[in-house]
Amino acid sequence: MQKHTFTIGLFALIALIVALSQLNILDQYYTSVIMFMGVNVMLASSLNLVNGYMGEFSCGHGGFMCVGAYVSSLCTVLMFSKNQILGAPLLPPQLAFIGFPIALMVGAGAAAVAGLVVAIPSFKTRGDYLAIITLAANYIIISAINNMEIVGGPRGFMGMSATDRAMSGVIDLPWMLIFVLLGSVFTVWLLRRFVTSTLGKGVPAICQDEIAAEIMSVDTNRMKLIAFMLSSGLAGLAGGLYAHVLGYVNPQSFDIMRSTEVMVMVYLGGMGSLSGAAIAAVSYTVLMEALRFLDVWKWVVIPLLLILLMQFRPEGIMGNKELSDLFPKLRKYYSFK
Amino acid sequence: MEIFQNILNALQFGSFYALIALGYTLVYGVLRLINFAHGDIFMVGAYLAYFVAVTLLGIGGLNLGLHVDPALALAITVPATMILTALVGVTLERTAYRPLRRKGADRLYVVITALMAGLVLENGNLALLGASRKRFPDLIDKVIWNLGGVSVTNLKVVVIVAAIAVFLMLQFIVTRTKIGMAMRGISYDKFAIPLMGIPLDTIIVVTFVLGSAMAGLAGILFAMSYPILEPYMGALIGWKAFIAAVVGGIGDIRGAIVGGFMLGFIEIGVVAVFPSTLRDLFAFSVLLIILWLRPTGIYGVAQTTKI
């Protein structure tokens with residue numbers, strides 16, 4: 001029993017949220033806030049692998065999210081909706097349940113390949129110079145998409161909501177919510193399994209001392225390749241979900257501001273702490289919504305809060321710890337892998 | 001003839017990038033800190049120039065009842081803006097960076113603080129002044145010389161000359177004066193320098209004064225060349241100037257100038273051949289390739305890491 005309490009609890013929570021949303025107790029607004037929370041959890045925890053565990057400074061996460069969003073949107077629009085350029089839907093709506101996850105995976109794969117742009121230079125470059133490469137990668141991706149007429153260029157791309165409609169047309173459930181929640185659980189689970197695995201221990205080793213890690217037989221180039229590709233792939237997954245939640249994407253929403261936002265979540269939560277990243281992503285989303293009444297001043301207040309955080313608790317909310325380290329006595333009720 | 005016109009435009013754009021990149025490189029050279037707020041200090045410089053100029057001309061700003069001649073107004077605006085912008089830079093250093101440095105916080109936290117300080121400046125400006133754009137008044141009459149088909153304006157010449165003069169001045173300060181020696185010393189060993197009787201904080205403040213004043217100068221020149229001001233004007237040009245600084249080899253003054261002009265030439269060159277929407281794509285791809293081939297930039301020296 002103890003072995004499964006955590007899993008059962010987690011899935012009960014997901015079922016509860018989905019049920020509340022289905023019964024309209026949570027209205028559309030709250031549902032969409034929860035979905036953005038899920039997307040942000042995915043983004044923050046995937047960036048945490050590079051910026052937190054590996055100690056690099058990647059500031060182009062929005063670009064990989066962009067690749068994932070566009071590629072998976074292109075797939076679903078091709079499969080399930082009518083588009084002026086791409087023509088009529090290729091598949092019947094019943095297949096959306098298989099098609100949508102496959103499209104997400106294709107998007108994630110494309111984003112992971114885009115991650116190579118950063119991963120290969122990272123063999124030779126570190127620190128500030130690598131930060132520039134990530135920044136340049138973000139700009140390159142955005143302006144490449146701006147110049148692609150097939151996805152609408154700067155005007156943006158839409159038609160993704162047809163997939164959601166196709167799925168709820170067959171079985172009436174809030175499918176996007178389910179996919180986002182499952183996606184964020186999957187992301188955190190995968191990252192957790194990766195960094196605690198024997199292979200994944202190489203990532204914090206690179207952070208602490210790259211040369212020493214190399215001497216201790218960690219293949220640093222391979223580790224960097226895996227870490228960057230995993231991180232950007234998961235960002236692509238988050239991007240795909242984001243695009244389908246919104247039903248509309250344009251390149252400007254993945255620019256340097258988005259990357260900064262994700263970075264803020266990582267440092268708010270604490271580097272090298274997955275639960276910290278998740279908590280920070282949730283609280284950041286809540287803060288953004290709660291401060292909506294401040295209008296323009298919101299963007300003054302939030303950076304100021306972060307400056308104060310850096311002054312008084314620079315290690316972030318969780319520091320280097322996980323939630324389970326803070327409450328060790330609770331451990332007897334669950335086991336966490 | 002078109003090619004000479006393009007070279008001239010590239011030199012002008014490169015001058016703006018170089019002037020801003022100098023600020024990045026100065027601060028980085030001394031503190032190993034990427035001052036991400038620098039692009040926004042440039043924006044603040046342009047706005048300060050606007051307010052000083054309209055106040056002096058008596059067409060807005062503080063109503064002091066002044067109606068100064070435009071030429072005199074320019075003569076006052078330039079030093080006033082540079083001083084005010086330098087004050088902004090020093091304030092930032094005092095309130096945000098110095099406490100962190102005193103605590104011995106990790107470099108990364110200072111970078112985040114800088115990033116956030118930039119956002120505060122940007123959006124604070126937006127919140128205070130509103131989203132309407134400001135039009136910078138004409139302070140000098142535009143003179144256009146036509147040199148065999150190439151149109152040269154006096155502003156372009158001023159911008160290019162200013163960038164080169166600033167470069168020579170900073171190069172002199174850093175390599176030939178005592179303060180410059182202290183700056184290089186700090187970048188070499190921050191802990192040994194105070195033991196040699198050199199006031200660390202004063203040198204750092206001087207660095208911020210120099211860097212921010214140059215951003216202020218760039219702000220005035222930019223506002224005079226492209227007289228529409230908006231709060232986000234510093235963001236993109238700041239990021240690009242930063243990339244220019246890194247490509248040149250951040251921490252080296254020659255690198256900032258070379259990187260700035262190179263970025264200018266790449267951008268104008270791309271626009272001359274391809275549609276202008278491809279400008280960023282090509283410019284950043286070229287920069288990426290340069291960094292790929294020379295990971296520490298053109299003038300940068302590889303840092304040795306020890307076990």
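Visitor: What makes up chain B, in helices and strands?

Guide: Chain B has ten helices and four strands, where helices (H or I, at least four residues) and strands (E, at least two) are DSSP runs, numbered from the N terminus. This is a predicted model, in which local features need pLDDT of at least 70 and side-chain atom pairs count only at pLDDT 80 or more, while totals for chains, interfaces and linings use all residues. Residues are numbered from 1 along each chain as its sequence is written, and chains are lettered from A and ligands numbered from 1 in the order in which they are written.

Visitor: Why is α4(A) called oblique to α11(A)?

Guide: Helix α4 (residues 96-114) of chain A and helix α11 (residues 220-246) of chain A pack at about 140 degrees, with their axes 7 Å apart; axes are lines fitted to C-alpha atoms, for helices over the stretch in contact, and angles run from 0 to 180 degrees between N-to-C directions. Angles under 35 degrees count as roughly parallel, over 145 as roughly antiparallel, 65 to 115 as roughly perpendicular and the rest as oblique, and therefore α4(A) is oblique to α11(A).

Visitor: What makes α1(A) and α8(A) roughly antiparallel?

Guide: Helix α1 (residues 5-22) of chain A and helix α8 (residues 175-196) of chain A pack at an angle of about 160 degrees, with their axes 10 Å apart, and α1(A) and α8(A) are therefore roughly antiparallel to each other. Among the residues that meet here are A:L10 and A:I14 in α1(A) and A:L177 and A:I178 in α8(A).

Visitor: How do you know which residues of chain B touch chain A, and how many are there?

Guide: Two residues are in contact if their C-beta atoms, placed from the backbone, lie within 7 Å, and 36 residues of chain B are in contact with 33 residues of chain A. The largest share of the side of chain B that touches chain A, 13 residues, comes from α4(B).

Visitor: How do you know whether the span of α4(B) is close to the expected one?

Guide: The expected span of a helix is 1.5 Å times one less than its number of residues; helix α4 (residues 107-129) of chain B, with 23 residues, reaches 33 Å from its first C-alpha to its last, close to the 33 Å expected.

Visitor: What radius of gyration would a compact globule with 307 residues have, and what does chain B have?

Guide: The radius of gyration is taken over C-alpha atoms, and the globule rule is 2.2 Å times the number of residues to the power 0.38. For 307 residues a compact globule would come near 19 Å, and chain B has 20 Å, which agrees.
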